[in-house]
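Q: Hi! Could you walk me through the aromatic side chains in this one?

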Amino acid sequence: NAGTEADVYISVYGERGDTGSRQLLRSQKPKKFLKGQTDIFAVEAVHLGHLYKIVIGHNGLGSGNGWFLDKVVIKDPVTDLDYIFLCHRWLDQGQDDGSIARELAVTDTSTFPGRQELELKRKETWAAERWKFQEGNTLQFYDRLTRGFVCLSPDSSVDALGDKKNKYGKVF
């Protein structure tokens, strides 16, 4: 349910102006905006110079109109530059903050290509794993070599004896 059947619009902003709102009509794929799919569109416009932001959203119409947008890449045919706009959020009235449009700033790739994408992945991983580090949790790892458990306790002590009969020990 991460794709959308709604009409999607984009406005591209550069140092020389903007495109105005443009509907993304013809993808190079038979069905556009499907989950996990990369769609490619041609948008005709005057050369805008260096791009700095986009506004992308949909009209909220149609069944299953919520949409999870990972990123937008704009390839400038004049300069042969790629402009990356990371989103990694829902455009959905019932998800995230309820917004169906997002203003996205260009990713600065001059210092480290992929830096912001890497930071988003780090945040995702932390969101999925932070429960392990909440107060009172005991972390337990199974050591295949000793066939025992290593435990990290809330008081910061480590039981690394590899007890084979740990009362919390379960192998999944």
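**Aromatic rings and their surroundings**

A: Happy to. At 29% relative accessibility, F68 counts as partly exposed. Keep in mind that this is a predicted model.

Q: Good to know. What is the mean pLDDT of the protein?

A: The mean is 80, and 87% of the residues reach 70 or more.

Q: And which elements have the lowest and the highest mean pLDDT?

A: Strand β10 (residues 158–163) has the lowest, at 71, while strand β7 (residues 101–105) has the highest, at 93.

Q: Thanks. Back to the rings: how many aromatic pairs does the structure hold?

A: It holds 2 aromatic pairs. One of them is Y13 with Y52, a tilted pair with 6.5 Å centre to centre and 50 degrees between the planes.

Q: Where do Y13 and Y52 lie?

A: Y13 is in strand β1 (residues 8–14) and Y52 is in strand β4 (residues 51–58), so the pair ties together parts that are 39 residues apart in sequence.

Q: Is Y52 buried, exposed or partly exposed?

A: Y52 is partly exposed, with a relative accessible area of 43%.

Q: OK, now F68 and W90. Why is that pair edge-to-face?

A: Their ring planes are at 70 degrees, and over 60 counts as edge-to-face. The ring centres are 5.5 Å apart. This pair also links distant parts of the chain, with F68 in strand β5 (residues 67–75) and W90 in strand β6 (residues 82–91), 22 residues apart. W90 is partly exposed, at a relative accessible area of 21%.

Q: What sits over the ring of Y13?

A: That would be the charged end of K53, 4.6 Å from the ring centre of Y13.

Q: Switching topic: which residues touch the most other members of the largest nonpolar core?

A: I54, I56, L69, V72, I74 and F85 do, out of the 18 residues in that core. Strands β1, β4, β5 and β6 each supply at least two residues of the core.

Q: What is F85 in contact with, leaving aside its neighbours within four places in sequence?

A: Its contacts include L51, Y52, K53 and I54, along with K71, V72 and I74. L104, A105, V106 and T107 are also among the contacts of F85.

Q: Last one, Y9. Where does Y9 lie?

A: Y9 lies in strand β1 and is partly exposed, with a relative accessible area of 29%. Y9 and H58 are 5.8 Å apart in space, C-alpha to C-alpha, though 49 residues apart in sequence. Leaving aside neighbours within four places in sequence, Y9 is in contact with residues including S21, R22, Q23 and I56.

Terms used. Residues are numbered from 1 along each chain as its sequence is written. Side-chain values use heavy atoms; hydrogens and water are left out. Rings of Phe, Tyr and Trp (its six-membered ring) pair if their centres lie within 6.5 Å; planes under 30 degrees apart count as stacked, over 60 as edge-to-face and the rest as tilted. Helices (H or I, at least four residues) and strands (E, at least two) are DSSP runs, numbered from the N terminus. Buried means under 20% relative accessible area, exposed over 50%, partly exposed in between (1.4 Å probe, protein chains only). A charge sits over a ring if NZ of Lys or CZ of Arg is within 6 Å of the ring centre and within 35 degrees of the ring normal. A nonpolar core is a set of buried Ala, Val, Leu, Ile, Met, Phe, Trp, Tyr and Cys residues joined through side-chain atoms within 4.5 Å. Contact means heavy atoms within 4.5 Å. pLDDT is the predictor's confidence in each residue, from 0 to 100.
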